[in-house]
Amino acid sequence: MTPRRINLYLISIIFIASFATVLLNYIDSKSVSDSLNAELNTQNTPLLKSVVKEIDGIPTKKPNGNASRERPIQNDQMVVMHRPDWKLDGNFKDHLEELIIIAANGDSKANYIIAMNLRHCYYAPADDIALDKKLEQAYEYSDADIAVDRITERYKYCFGIKLQQRNQFFKYLEIASNRGYVVAQEIMGSITPELFMKSQGYEELERSDFIRKRDNFIDQKVRYIEQAAQNGSIKALAKLSNMNRSQIIGGNGYVKSYAFNQLILEFTQNNEMYNRYSWFQQKLYPQLTPEEIENALAMSEEWLKKIKINGTLYLND
């Protein structure tokens, strides 16, 4: 064999060996990748326990790096609902009569819009004398110009709405809430017992009647918040968590708060909210027994099923 043929023969052997090595590496890499994908797919389940990991020993869902932006909802059956705008152009009185007619025909949104505007006007000066008093107080603020503009704008917007009408915000809000209008139920959750008693004229009741009326309102308020939460309201879940954590509503408050926190972590798309309720979980965790933690997670799973069955989601926008 000539030197030229020997060199060609050696080059051919080297080329074949290199090609075989590359081919084997590709096959091994693909095999490993397919194996990992199969393992991840078998672990992807919709219940809370499937998305729980340990952070400092505390069960909580892994945060989404883009949680503050819109992301696909895990359950295709969930529909993101949007809260309607309630502030109207011009003077509210110009719209009120028509809205009352629409609301009387069973339109929950109209009842909600009336309620929100009347509540907005509840805090507005009722006449020129009240306006001057409010403005005088506002001039004492460090941001007086901004405060004066807001007071004046609200006064103009609500001009002509009588005090008796303004106190009716609760009536319209209650109608919409009783019809299952979630955004109205959310607002019910923000009304304090003090505002309810004062606006509805119950402040002068005898002590026993006062307490009964106030407690009945709190029970009613909690029912509305729970209904809203089971229809996917993040605001309602947060309200329930806070009320239970503060022991405002009795019975296993910390356990229930932990469960509602877990649901917030499941659904929220807001990084700030996620971090806040993760911190609440970390604060609650050492105060609960392992059995209580287990009960809280079981409760959150039951609520999760109800929310997904109802199929709606009201984000904290």
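This report describes the helices, the nonpolar cores and several helix contacts of one predicted model.

## The model and its overall makeup

Because the model is predicted, local features need pLDDT of at least 70 and side-chain atom pairs count only at pLDDT 80 or more, while totals for chains, interfaces and linings use all residues. Residues are numbered from 1 along each chain as its sequence is written, and side-chain values use heavy atoms, with hydrogens and water left out.

The chain holds 14 helices and four strands, where helices (H or I, at least four residues) and strands (E, at least two) are DSSP runs numbered from the N terminus. Of its 317 residues, 38% count as buried; buried means under 20% relative accessible area, exposed means over 50%, and partly exposed lies in between, using a 1.4 Å probe and protein chains only. A contact is defined by heavy atoms within 4.5 Å, and among the contacts in the chain with a separation of 6 or more, 72% come from residues 24 or more positions apart.

## The nonpolar cores

A nonpolar core is a set of buried Ala, Val, Leu, Ile, Met, Phe, Trp, Tyr and Cys residues joined through side-chain atoms within 4.5 Å. The largest such core has 62 residues, of which Phe 92, Tyr 112, Ile 191, Leu 263 and Phe 267 touch the most other members. Helix H3 (residues 108-122) gives the most to this core, contributing nine residues. A second, separate core has eight residues, including Val 255, Ala 259, Leu 284 and Ala 296.

Tyr 112, when its neighbours within four places in sequence are left aside, is in contact with Pro 84, Trp 86, Ala 176, Tyr 181, Val 183, Ala 184 and Ile 187. Leu 263 belongs to helix H12 (residues 253-267) and is buried, with a relative accessible area of 0%. Although Leu 263 and Ile 234 are 29 residues apart along the chain, their C-alpha atoms are separated by 8.6 Å.

For the helix pairs, axes are lines fitted to C-alpha atoms over the stretch in contact, and angles run from 0 to 180 degrees between N-to-C directions. Helix H4 (residues 128-138) and helix H5 (residues 144-158) have axes that come within 9 Å and cross at roughly 165 degrees, so H4 and H5 are roughly antiparallel to each other. In this naming, angles under 35 degrees count as roughly parallel, over 145 as roughly antiparallel, 65 to 115 as roughly perpendicular, and the rest as oblique. The crossing of H4 and H5 is right-handed; a crossing is left-handed if the near helix is turned anticlockwise from the far one by less than a right angle, and right-handed if clockwise. On the H4 side the contact is made by Asp 128, Leu 131, Lys 134, Leu 135 and Ala 138, and on the H5 side by Ala 144, Ala 147, Val 148, Ile 151, Thr 152 and Tyr 155. Within H4, Leu 135 is buried, with a relative accessible area of 15%, and beyond residues up to four places away in sequence it touches Val 148, Ile 151 and Thr 152.

H3 also packs against H5, at an angle of about 130 degrees and with the axes 9 Å apart, which makes H3 oblique to H5. The crossing of H3 with H5 is left-handed, and here Asn 117, His 120 and Cys 121 of H3 meet Arg 154, Tyr 157 and Cys 158 of H5.

## Helices H10 and H14

The axes of H10 and helix H14 (residues 290-310) come within 8 Å and cross at roughly 70 degrees, and H10 is therefore roughly perpendicular to H14. Glu 226, Ala 229 and Gln 230 of H10 make this contact with Trp 303, Lys 306, Ile 307 and Asn 310 of H14.

Ala 229 is placed in helix H10 (residues 207-230) and is buried, with a relative accessible area of 0%. Not counting residues up to four places away in sequence, Ala 229 touches Ala 236, Leu 237, Leu 240, Trp 303 and Ile 307. Ala 229 and Leu 240, which are 11 residues apart in sequence, lie 8.3 Å apart in space from C-alpha to C-alpha.
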